[in-house]
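Work through these exercises with the structure open. Try each task before you read its solution.

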Amino acid sequence: MNYFTFGMKVLRVTQNYNGSTSHKAHWYHSTNYADYPIDCAGKDGDKDIYYAPVDMKVTAVKGIGNATTNTIWLVACEKCMTPSGEILPFIMLTHFNDNDPYVSNLKVGSIVKQGQPICEEGTDGATANHLHIVVGNADRGCGNGFIQNSNGKWVSNGYCMKPEEIMYIDKDFTNVLDTNGIIFKDKPKEEPKESFFGSKGYFCLGNYHENIGKICDFFAEYFYGYFYKGENAKAKAHQVLDGNYFGPYLKKWTIEFQKRAKDEGKYNDEIDGCIGPKTLTALKYYGFQE
Ligand SMILES: [Zn+2]
């Protein structure tokens, strides 16, 4: 898993999302849609590049050759670690020029590999070179167009969030000149560790995950005796507790496990047949290894 980071080599925010010049009405007192844009102008008045921080797929390109301000939306190809946890981030970049050397190669569905340019700053719909940047959580709604909010502002659709909630700053890549008051988190030094439960936080009937398969194997191997007796008991348990899908058999085993662990004082939560952190701790007590 990768960290999701800011994609310019210089961070110089010329207007944050509180900016009264044009940004505040994007969200303040909006009763329906909102985004939280920042304007970034790079190291100087010239055009800096925005690089893909991870592999990203283009979800929309709008405005080239028409009246709409030039804008591109991309979504990460895989979940990323962000200051808000493991999510699928999307990004919107606005104001690049019609003749942008990078966007001209992109269309909906194109992949921009990690470290490759997406676009550069421009002046389409703006008076000075910069990029107007919006980010969000595609798990809850991916951006791919504009929508007008109750303040009359055209904002990105999708589930938009504040930039510091989605992007870390990689100080080895980005030279921070001015965040305009926004407090970004630095990209952590160590590699992000994916949580056992993925982004949801627990496993329940109907879920699918490779760690569900590990738990199935564990139950079948060591606790087949809950429901099967005799010489083929273990094989039968492996037959029904098979694969990475959380099916009715795993639920049955989980409920039995929770009851027994509770009786033995190793589990003190609900007997619900779902596997969350407390059930995992109990499983580990009885020998399960992640
Ligand atoms: Zn702006």
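Two residues are in contact if their C-beta atoms, placed from the backbone, lie within 7 Å. This is a predicted model: local features need pLDDT of at least 70, side-chain atom pairs count only at pLDDT 80 or more, and totals for chains, interfaces and linings use all residues. Residues are numbered from 1 along each chain as its sequence is written.

**Exercise 1. Describe the overall shape of the chain.**

Step 1. Take the box. Along the principal axes, the C-alpha atoms fill roughly 80 × 35 × 35 Å.

Step 2. Check the radius of gyration, taken over C-alpha atoms; the globule rule is 2.2 Å times the number of residues to the power 0.38. The chain has 24 Å, whereas a compact globule of 290 residues would have a value near 19 Å.

Step 3. Look at contacts with a separation of 6 or more. Of these, 66% join residues 24 or more positions apart.

**Exercise 2. Which residues of helix α2 are buried, and what covers them?**

Step 1. Find the helix. Helices (H or I, at least four residues) and strands (E, at least two) are DSSP runs, numbered from the N terminus. The chain has five helices and 16 strands. Helix α2 covers residues 210-222.

Step 2. Apply the burial rule. A residue is buried if 20 or more other C-beta atoms lie within 10 Å of its own, exposed if 12 or fewer, and partly exposed in between; C-beta atoms are placed from the backbone. In α2, the buried residues are I212, I215, C216, F219 and A220.

Step 3. Look down the axis. The arc is that of the directions from the helix axis to the C-beta atoms. The buried residues of α2 fall within an arc of 130°, so they line one face of the helix.

Step 4. Name the cover. It includes α3 (233-240), α4 (248-263) and α5 (277-285).

**Exercise 3. Which residues touch the most other members of the largest nonpolar core?**

Step 1. Define the core. It is a set of buried Ala, Val, Leu, Ile, Met, Phe, Trp, Tyr and Cys residues joined through C-beta atoms within 7 Å.

Step 2. Pick the residues. The largest core has 49 residues, and L93, I118 and I133 touch the most other members.

Step 3. Follow I118. Leaving out residues up to four places away in sequence, its contacts include Y50, I72, L93 and V112.

Step 4. Look for another core. A second, separate one has 18 residues, among them I212, I215, A220 and W253.

Technical notes. The expected span of a helix is 1.5 Å times one less than its number of residues.
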